[in-house]
Amino acid sequence: MNKAIFFDRDGTLNVEVNYLHKKEEFIWTDGAVEAIKYCNDNGYLAIVVTNQSGVARGYYPESAIMELYSWMNSQLAEAGAHLDGIYYCPHYPQGIIPKYAVECDCRKPKPGMLIQAAREQNIDLAASYLIGDGARDVECAKAAGVYGIRYTGGNLYESLIAGIMQNQRNGAR
């Protein structure tokens, strides 16, 4: 089985911009590229898990998520890094696009995106991590049986390594 590090996107991999969907507005957080490269070099799949309610709200089409993801991977390739997948939730119950204005099991803090990734990419969730800036990220990790790391700013790579080391000191993995 594979192990993975799941990354929240907005506020974790990139500087928070409300309803980000354009590459021109994307700014990597400090240490984000290095954190992804760490995954690539150390046997972890690097996977984005992100709530994208802007789709349900009618702010941008679902295709914009994948266009930005593709652009992110082209930027990462310049550093010899890559993302192995993206799982996103376009739903929001109060949205204006009926197809997406629904309750679902994928919107964090629910664990649907991680469970889907585990099924599709043969991931051992108990050997994996999720790093994100919100309480709902850590709740999602716990619900999926993944070790959650709360990113509170600063260098993402350093925060990831500190979280992994803390987990190892606790004797978990």
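Which strands does α5 lie across, and at what angle to β5 does α5 run? In this predicted model, α5 lies across β1, β4 and β5, and its direction is at about 140° to β5.

**View 1. The open five-stranded sheet.** Five strands, ordered β3-β2-β1-β4-β5, form an open sheet with parallel pairing. The edges are β3 and β5 (147–150), each of which pairs on one side only. Between neighbouring strands of this sheet the average turn is 20°, with direction ignored.

**View 2. Strand β2 and its burial.** Strand β2 covers residues 44–51, and because eight of its eight residues are buried, β2 is largely enclosed by the rest of the structure. The covering applies to both faces, with Tyr44, Ala46, Val48 and Thr50 buried on one side and Leu45, Ile47, Val49 and Asn51 buried on the other.

**View 3. The partners of β2 and the crossovers that link them.** Strand β1 (residues 3–7) runs parallel to β2 and is joined to β2 by five bridges, with Ile5 standing opposite Ala46 of β2. Together with α1, the strands β1 and β2 make a right-handed β-α-β unit. Strand β3 (residues 85–89) is likewise parallel to β2, and five bridges join the two; here Thr50 stands opposite Tyr88 of β3. From β2 the chain crosses through helix α2 (residues 63–77) to β3, in a β-α-β crossover that is right-handed.

**View 4. Strands β4 and β5 with helix α4.** Strand β4 (residues 129–132) and β5 run parallel and are joined by four bridges, and Tyr129 is placed opposite Tyr147 in β5. Helix α4 (residues 135–144) packs on the sheet, where α4 touches β2, β4 and β5, and the direction of α4 makes about 170° with that of β5.

**View 5. The contact between helices α1 and α5.** The axes of helix α1 (residues 32–41) and helix α5 (residues 156–169) come within 6 Å and cross at roughly 45°, which means that α1 is oblique to α5. From α1 the contact involves Ala32, Glu34, Ala35 and Tyr38, and from α5 it involves Leu156, Tyr157, Leu160, Ile161 and Ile164. Sorted by class, the residues of this contact of α1 with α5 comprise eight nonpolar, no polar and one charged.

Notes: Residues numbered from 1 in each chain as written. Predicted model: local features only at pLDDT ≥ 70, side-chain atom pairs only at ≥ 80, totals over all residues. Heavy atoms only, no water. Axes fitted to C-alpha atoms, helices over the stretch in contact; angles between N-to-C directions. Parallel < 35°, antiparallel > 145°, perpendicular 65-115°, else oblique. Contact = heavy atoms within 4.5 Å. Nonpolar A, V, L, I, M, F, W, Y, C, P; charged D, E, K, R; others polar. Buried < 20%, exposed > 50% of the residue type's maximum accessible area, 1.4 Å probe, protein only. Pairing = 2+ DSSP bridges. Right-handed = clockwise from strand over helix to strand, strands pointing away.
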